[in-house]
Amino acid sequence: MTAERIETQTVPAEAPTPDPNQYALMAAALDYIEAHRAEQPGLEEVAEAVGLSPAHFQRSFSAWVGVSPKRYLQYLTLDHSRRLLAERFTLLDTAFEVGLSGPSRLHDLFLRWEAMTPGDYAARGKGLEIAWDWVATPFGEALLMATEKGVCGLAFSEEMGRHATMADMRSRWSEATFRQDEHAIAPHAAAVADQLAGRTSAPVKLGLHGTPFQIKVWEALLAIPSGHVTTYSEIARAIGSPRAVRAVGSAVGRNPVSWLIPCHRALRRDGQLGGYHWGLPVKRALLAWESARADA
């Protein structure tokens, strides 16, 4: 089963250009704002926490997120997910009916993907060689994995730690051969960084490894535009299995390519965030970041 699509999004000429070397600083800033959101920290406090002057921090943060730190903080309030569900709910069955399924609805990515066959999946990665390395993102350190077909794993490690994150990802392809290879991962990391920053100079190629049911769920996730959300039950209905809400939730949780396949955009019907395999603080930060950019 394969599917390919290339889609671009033009960055406005006046948009500030993020510095790719500031991944770690922005990760620290997002983490600080998330951890102290109840105290509503001011610009000077957050700037001091990451070691920048208020003016420099304001410019750098706005370049990455698209809005000021104060405005971003508003997206971390407890009722933000409920507002998203009320105002930016995506009807996936409508998207599918008009031919907008799969990567064609992914406005914020420049993406090409290919799914392995059921036979390959059953082999648990036997004969597969997977390169990996740790990379910095504004949402914390992440484990990036790739095969010759493209990125097969992107996992945030801030909540679980390196050891547990690596064990989790390796268990998905128990028969594969793994090697840490900074050189092999570098171009994939650069492509992911380009998408995160709003640039589209290189495609992110994905090599998806999952069951046919999981692939269908991940396709549905790709139909959710950035800055919008849907529910687990809506996903189940869109893929033709309206009673399989629990199975859909499991498939969402097994998504091996976080952020690129936006499992963080799936919420519970009551507006609660629900679970997130890589930690709810990461999910909350991802949703807030995307909402801020969509409103900028």
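How many helices and strands does the secondary structure of the chain comprise? In this predicted model, the chain has 13 helices and nine strands. Of its 296 residues, 52% are buried. Among contacts between residues at least 6 apart in sequence, 72% join residues at least 24 apart.

**Nonpolar cores**

The largest nonpolar core contains 74 residues, and the members touching the most others are Phe-57, Phe-61, Val-65, Tyr-72, Met-145, Phe-156 and Leu-221. The greatest contribution to this core comes from helix H13 (residues 280-295), which supplies six residues. Another core, of five residues, lies apart from it and includes Leu-84, Val-229, Leu-267 and Leu-273. In general terms, nonpolar side chains tend to be buried together in soluble globular proteins.

**Helix H13**

The length of H13 agrees with expectation, because its 16 residues at 1.5 Å a residue should span 22 Å and its end C-alpha atoms are 22 Å apart. The buried residues of H13 run from Val-282 through Lys-283, Arg-284, Ala-285, Leu-286, Leu-287, Ala-288, Trp-289, Glu-290 and Ser-291 to Ala-292. Charged side chains are thus represented in the buried stretch, including Lys-283, Arg-284 and Glu-290.

Gln-74 belongs to helix H4 (residues 69-74). Is Gln-74 buried or partly exposed? Its relative accessible area of 40% is why Gln-74 counts as partly exposed, the limits for that class being 20% and 50%.

**Helix packing**

| Helix pair | Axis distance | Angle |
|---|---|---|
| H3 (residues 54-65) and H13 | within 9 Å | roughly 90 degrees |
| H10 (residues 212-221) and H12 (residues 245-253) | 9 Å | about 80 degrees |

The axes of H3 and H13 cross at roughly 90 degrees, which means that H3 is roughly perpendicular to H13. In this contact, Ala-63, Trp-64 and Val-65 of H3 meet Trp-289, Ala-292 and Arg-293 of H13. By class, the contact of H3 with H13 comprises five nonpolar, no polar and one charged residues.

For the second pair, the angle is about 80 degrees; H10 is therefore roughly perpendicular to H12, as angles of 65 to 115 degrees fall in that class. From H10, the contact draws on Phe-213, Gln-214, Val-217, Trp-218 and Leu-221, while H12 provides Ala-247, Val-248, Ala-251 and Val-252. These residues divide into eight nonpolar, one polar and no charged. Leu-221 of H10 is also listed among the residues that touch the most other members of the largest nonpolar core.

How values were computed. Residues numbered from 1 in each chain as written. Predicted model: local features only at pLDDT ≥ 70, side-chain atom pairs only at ≥ 80, totals over all residues. Heavy atoms only, no water. Core = buried A, V, L, I, M, F, W, Y, C linked by side-chain atoms within 4.5 Å. Buried < 20%, exposed > 50% of the residue type's maximum accessible area, 1.4 Å probe, protein only. Helix = DSSP H or I, 4+ residues; strand = E, 2+ residues; numbered from the N terminus. Expected span 1.5 Å × (residues − 1). Axes fitted to C-alpha atoms, helices over the stretch in contact; angles between N-to-C directions. Parallel < 35°, antiparallel > 145°, perpendicular 65-115°, else oblique. Contact = heavy atoms within 4.5 Å.
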